[in-house]
Amino acid sequence: MEDKKDIMQIIADANKSVTTGIDSADIEHWVWIHIMGRAYQVPAGLTIMQAMEYAGYKFITSAGCRAGFCGACATMYRKEGEYKLQTAMACQTRVEDGMFLVQIPFAPAQEATYDITKEPYAASTLLEHYPEIARCVACNTCTKACPQDLEVMDYIQDALRGDYKKVAERSFDCIQCGLCAVRCPAEITQFNVGMLARRMYGRYGMTEPEYAKARLTELDQGKYDKEFKKLLAADVEELKKRYAAREREAD
Amino acid sequence: MPTNTVITAANEAFLRRINELSGEKVTRCEQCGICSAGCPLVAEMDRTPAEMMRMVQLGDEDIAKSKTIWICASCFTCTVKCPRGLDPSKVAEALRQLNLRKAVDYIDLMNIPKEEMEILPQIALVSAFRKLTG
Amino acid sequence: MKIPYYPGCSLKTSAKNLEVSALAAAEKLGIEMVEMPRWNCCGTVFSLTSDDLMHHVASVRNLVRVQEMSENGSVDTTNKMVTLCSMCFNTMKSAAKRVRENAEDLVKINSFMDTEPDYNGNVQVLHLLEIIRDMGFDKVSAKVTRPLEGLKIAPYYGCMLIRPKEIGIDDPEDPTIGAQLFKALGAEIVDNPFKKVCCGAYHTVHNKDTVIELAHDILTHAQEEGGEAISTSCPLCAFNLDNRQKEIKEKYLKFKEMPVFYFSQLMTLAFGLGEDACMFEANYVDPRPLLKSKNLL
């Protein structure tokens with residue numbers, strides 16, 4: 001417990017240093033990192049993104065939501081004494097001593113153009129737009145590169161055999177960071193393949209749920225018009241109160 | 001057929017490279033021609049399989065630019081028939097790899113006609129891309 | 001027998017008729033083929049260069065799946081697997097042989113696949129036809145309820161089932177395994193001199209003319225010998241011999257269409273397992289008129 005408290009304190013201190021410009025003399029724990037080949041000493045416990053900002057870098061790209069959802073801050077690194085080339089989202093991963101870091105602001109890739117209403121729901125559609133999936137050597141590098149821990153290689157294999165459902169399920173949490181694509185020896189753009197497969201599955205593979213259909217009918221019939229009017233007329237305080245008291249599904 | 005009688009160091013290096021990549025001792029070929037006689041695709045080739053073996057023996061790098069190496073579909077007919085126990089299909093593969101390892105593609109996989117992509121089985125695409133793209 | 005089964009990509013799409021019929025036929029013979037979990041594409045062609053291990057990783061990864069199935073008891077065979085597609089069979093058997101005989105290659109692949117359990121090098125890759133032969137063709141005959149009487153079949157073997165010698169399941173110069181099987185089903189066998197000539201394989205992607213020529217030769221030679229239909233065990237041969245008849249007809253006006261069966265479709269037919277198990281509707285050249293004319297449907 002004592003340890004945990006210390007760590008939390010370190011993190012809090014470090015974050016404060018970034019946001020408030022606390023005197024570095026007050027920071028107790030430091031790590032050495034390398035950003036694009038240059039060494040910097042930064043407070044321990046910062047995220048990679050915070051550490052880079054502390055070091056003086058300003059993100060004009062390669063940063064977005066800062067919450068692990070947008071996929072903009074793809075990062076690659078090696079650690080001193082290790083041969084593994086690792087990947088991370090800069091906003092979600094804390095710096096560690098001896099990291100050699102580089103940002104991957106963009107994975108060079110062209111997204112196929114298609115009219116989803118005209119594409120046949122067959123294996124050939126994925127192969128036609130992304131024929132390179134047939135070059136997959138099942139090396140599994142993409143899976144190892146995925147910061148979302150998706151089974152990327154498996155969904156590319158599913159794509160090759162036209163199993164849209166499995167691709168959609170396995171790639172659902174993809175944040176399009178592109179790290180799979182930059183590591184792929186077969187030059188596949190996995191994240192785009194997953195996107196097309198999910199769109200196809202959403203349109204042709206999933207059955208429209210009954211409850212959604214019923215709710216749409218209710219909306220058309222004006223069942224909620226009165227409630228909507230009340231909400232639109234409510235002031236900010238009232239909205240805040242109602243937001244806090246709203247019913248939610250379990251996370 | 002090449003007629004060079006002087007084998008240069010470059011010729012020898014080429015022969016060694018192909019021996020190494022293919023795992024075959026190409027110099028063991030006696031030029032009987034059975035590989036060419038049995039090859040179902042020989043009519044499409046600009047060099048017969050036996051010529052390919054001879055050119056490698058002589059270290060003639062032009063064979064790596066031939067049509068032959070791309071026509072060979074690794075059907076192993078020559079492999080089964082060679083009286084010297086050689087495998088010309090491995091030699092053709094080594095020659096293809098010399099090209100493909102420079103990130104050269106022999107086919108344009110982005111421009112296969114749509115109507116073909118709709119019917120071609122995966123087995124055709126995977127094997128074509130393995131053999132013909134780098 | 002309960003054995004791990006590796007389908008391969010095409011068997012889930014263009015060659016669904018091979019999978020459906022083979023699973024039904026095998027079941028009738030007491031062979032339960034259990035699809036392996038998380039299988040990946042075998043690579044379809046075995047890389048032939050001495051230093052190229054990367055292209056064997058895919059096959060070895062599948063062999064790890066077999067090993068796991070043997071260990072966790074989801075099958076009753078040990079370190080054995082069955083395939084239906086000739087190319088998958090050839091690729092995986094070649095990869096299994098390479099890592100079995102080259103300890104150094106096995107170590108390299110195992111250390112590369114650091115997220116998988118180590119492969120032990122012991123898996124035996126089998127083709128369903130081999131398993132049936134080893135059971136004995138008399139066991140096949142015993143299950144026949146509708147002998148294929150009067151049907152003249154020209155078995156076609158192609159390349160990957162019989163070559164190279166150390167991988168093939170039969171005599172590479174004179175294979176007979178198909179003929180023996182169809183004889184056991186009551187069919188008449190026609191020997192096609194082109195039974196082991198390459199169909200042009202993946203040239204069908206970029207060099208269709210070559211495939212048209214080869215397929216035309218293979219089919220017309222079978223017809224000249226009196227064959228009414230041809231058989232295969234490979235989805236790529238099937239595509240080239242069956243679907244490419246469209247182009248053959250355009251080029252050779254005298255050419256007459258000829259049905260191309262998967263070996264397993266003839267088994268389900270002779271075993272009387274019903275048309276659903278034969279999936280003839282998935283064949284490009286519809287074999288049903290021929291079968292009706294022989295009173296087999």
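This is a predicted model: local features need pLDDT of at least 70, side-chain atom pairs count only at pLDDT 80 or more; totals for chains, interfaces and linings use all residues.
Visitor: Why is the pairing of E93(B) with K131(B) called a salt bridge?

Guide: The closest N and O atoms of E93(B) and K131(B) are 2.6 Å apart. The cut-off between a Lys nitrogen and a Glu carboxyl oxygen is 4 Å, so the pair qualifies.

Visitor: What makes up the side of domain 1 of chain B that touches domain 2 of chain B?

Guide: Helix α6 (residues 88-100) of chain B gives the most, with three residues. By class, this side has two nonpolar, one polar and three charged residues. About 540 Å² is buried between the two domains, and W70(B), R96(B) and L100(B) supply 76% of the area that domain 1 buries there.

Visitor: How do you know that K114(B) and E128(A) form a salt bridge?

Guide: Their side chains meet at 3.0 Å, N to O. That value is within the 4 Å limit, therefore the pair counts. The count between chain B and chain A is one salt bridge.

Visitor: Which helix supplies the largest share of the side of chain B that touches chain A?

Guide: Helix α8(B) does, with five residues. By class, that side of chain B has six nonpolar, three polar and three charged residues.

Terms used. Residues are numbered from 1 along each chain as its sequence is written. Chains are lettered from A and ligands numbered from 1 in the order in which they are written. Side-chain values use heavy atoms; hydrogens and water are left out. Helices (H or I, at least four residues) and strands (E, at least two) are DSSP runs, numbered from the N terminus. Ala, Val, Leu, Ile, Met, Phe, Trp, Tyr, Cys and Pro count as nonpolar, Asp, Glu, Lys and Arg as charged, and the others, Gly among them, as polar. Buried area is the accessible area (1.4 Å probe) that two parts lose on being put together, summed over both.
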